[in-house]
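I opened a new page for this structure.

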Amino acid sequence: MRLHQNQLQVLLVFAKEDNQSNGFCWACEKAGFRCNIARTPESALECFLDKHHDIIIIDHRHSRYFDAEALCRSIRTTKPSENTVIIGVVRRHADREESSILPLISAGFTRRYVENSNIMACYNELIQLEFGEVQAQFKLR
């Protein structure tokens, strides 16, 4: 457990490289955060247990690659995750009503991010996380 705030560490969990994963990767670089990328739930859990990331961003747009909620629950069962902020990236649905966030919260996600691969949108999300949820979790430590 860290007692002082170092460079933030972010774990991106995306089954494949796409504009969204690239947007967050570039945003991490711009913000000066350390960034790791995992392509499978197994490698994500292994990487998290090794590095104890401050923020985990999990792709929840495509269930055919892996079960994002199951991965989040797996991470939440570990001791190092108690102060980790976990974000679920969800699809933008212009043609339907907004869906409930309760299943994500029940699975252990801290909040959701509606897909937007714009680098500035990803960067702004990371900065808001740093000065909001991450800072609050750091104070709880």
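My entries on strands and salt bridges follow.

**Entry 1, ground rules.** I am working from a predicted model, in which local features need pLDDT of at least 70, side-chain atom pairs count only at pLDDT 80 or more, and totals for chains, interfaces and linings use all residues. Residues are numbered from 1 along each chain as its sequence is written, and side-chain values use heavy atoms, with hydrogens and water left out.

I looked up β3, residues 55-59. Helices (H or I, at least four residues) and strands (E, at least two) are DSSP runs, numbered from the N terminus. I noted five of the five residues of β3 as buried, where buried means under 20% relative accessible area, exposed over 50% and partly exposed in between, with a 1.4 Å probe and protein chains only. In a regular strand the side chains alternate between the two faces of the sheet. I checked both faces of β3: I55, I57 and D59 lie on one side, I56 and I58 on the other, and all are buried.

Which strands pair with β3? I took two strands as paired if DSSP finds at least two bridges between them. Strand β1 (residues 9-13) runs parallel to β3 and is joined to it by four bridges; L11 has I56 as its bridge partner in β3. Strand β4 (residues 85-90) is also parallel to β3, with five bridges between them. There, I57 has I87 as its bridge partner.

How many salt bridges does the structure hold? I noted seven, each a side-chain nitrogen of Lys or Arg within 4 Å of a carboxyl oxygen of Asp or Glu.

- D59 pairs with R61, the closest N and O atoms being 2.7 Å apart, and both residues are buried.
- D59 and R61 also belong to a salt-bridge network with D18 and E115.
- R111 pairs with E133 at 3.0 Å between the closest N and O atoms. The pair links distant parts of the chain, 22 residues apart: R111 is in strand β5 (residues 111-114) and E133 in helix α5 (residues 119-140). E133 is partly exposed, at 23% relative accessibility.
- D50 pairs with K51, with 3.5 Å between the closest N and O atoms. D50 is exposed at 58% relative accessible area, while K51 is partly exposed at 32%.
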